[in-house]
Amino acid sequence: MLQNKLISLGVFKDFSDDSIKSVFKAENNGIIEMTLIQNKKYDVVCVPTHHFCNLGCKMCHLTNNKLNKKMIPIKANDFIEALCKSTCLQTGYFKRRTEKKNVLISFMGVGEPLLNQQLILDVFKNESLIKKTLGYIDVSYALSTTIPNSNLFNNLLTMVDKNNIPLKVHFSLHTPFDHKRLDLLPSAKTTVNEAILLLKTYNKKIQCNKAIINEYIKFHNSSIPIEIHYTLIKNENDSEEELNKVYDIIRDNQIPIKFLTFNPKDNLQVSDKQEEWVEKLKQIPNIIIKTYSPPGKEIGSSCGEFTKHYYHEEIETEEEYLEFLNWRNRHKIDF
Ligand code: SF4
């Protein structure tokens, strides 16, 4: 039975690409924001695993060491209510925003999914409630992770395999050098070598699970359930040494790679070397290389982008608050 406990704080639209973000407050005052992204084939909902995140990724717009806030895992009941409401017009009953038959639930919002694996399992176990409420036929899953440690990743693999969850893992690499990676992603304690081995193990194991692969290929063009993510930031992680090292990693391990366009933050700027990197990596035979400009830019919908106001109210300056009001006026829609 679906609960009805969340307070809606607003629905916001990116008019450039029709992404729609819904923001809720739970009973514990935690924020949940989810974004429905327009996709030709199926609905994609970008979802969080935590009410806040303090893992300190350097390129993230949310994390802030002036805030003394804990990372509280989102509970399944709150999550499912938010998911159902985010995919529907918020008029008090469930009328879906789109007529798509299938939905991809993508854990790429606030938080580190490996630190709230219970939520992923609970959502999967409640799939029939989600399908019944929303009328979807198939549901698939994805997450993006820095792989904070190998135990967490091994737990994930066991859970996914045992429960036959069609889950794609996107690994946030962002630099192939361990010392630099720790600086960019301070919570990522696995070395790059360890992380790549874990990814390959995941790929091998999941490829052997026919129940998962049969579901997985309904959503994806290949049966490879892993992908590396790299966001090129000017003079931060776009050096020639990094390109050469990434080339070796991709060539030796045959893992697809996707370049995500960076959303500038403070003095961090978008690199102008993406084309050069893609051209070089294209020299590797049979490798899937993608570039992706995350949708919903105006409403902060992707990993690390978010509506800061709802998390930063305590430390917000008057100027930032006015900026938020301005943003709200431009993007708020009725339902
Ligand atoms: S990018 Fe994701 S994991 Fe990193 S601090 Fe931001 S929300 Fe947390």
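This report covers a helix pair, aromatic contacts and charges over rings in a predicted model.

Local features need pLDDT of at least 70, side-chain atom pairs count only at pLDDT 80 or more, and totals for chains, interfaces and linings use all residues. Residues are numbered from 1 along each chain as its sequence is written, and side-chain values use heavy atoms, with hydrogens and water left out.

**Helix packing.** H4 (residues 150–163) packs on H6 (residues 192–207) at about 10°, with the axes 11 Å apart. The two helices are therefore roughly parallel (angles under 35 degrees). H4 contributes Ser150, Phe153, Asn154, Leu156, Leu157, Val160 and Asp161 to the contact (heavy atoms within 4.5 Å). From H6 come Leu198, Leu199, Thr201, Tyr202, Lys205 and Ile206. Eight of the contact residues are nonpolar, three polar and two charged.

**Aromatic pairs.** The whole structure holds 13 aromatic pairs (ring centres within 6.5 Å). One of them joins Phe12 and Tyr310. Phe12 lies in strand S1 (residues 7–14) and Tyr310 in helix H10 (residues 309–312), so the pair ties together parts 298 residues apart in sequence. Both Phe12 and Tyr310 are buried (under 20% relative accessible area, 1.4 Å probe, protein chains only). Phe12 and Tyr310 also belong to one aromatic cluster with Tyr321, Phe324 and Trp327.

| Charged residue | Ring | Distance to ring centre |
|---|---|---|
| Lys69 | Phe52 | 5.2 Å |
| Lys280 | Tyr247 | 4.8 Å |

Methods. Axes fitted to C-alpha atoms, helices over the stretch in contact; angles between N-to-C directions. Helix = DSSP H or I, 4+ residues; strand = E, 2+ residues; numbered from the N terminus. Parallel < 35°, antiparallel > 145°, perpendicular 65-115°, else oblique. Nonpolar A, V, L, I, M, F, W, Y, C, P; charged D, E, K, R; others polar. Phe/Tyr/Trp six-rings, centres within 6.5 Å; stacked < 30°, edge-to-face > 60°. Buried < 20%, exposed > 50% of the residue type's maximum accessible area, 1.4 Å probe, protein only. Lys NZ or Arg CZ within 6 Å of the ring centre and 35° of its normal.
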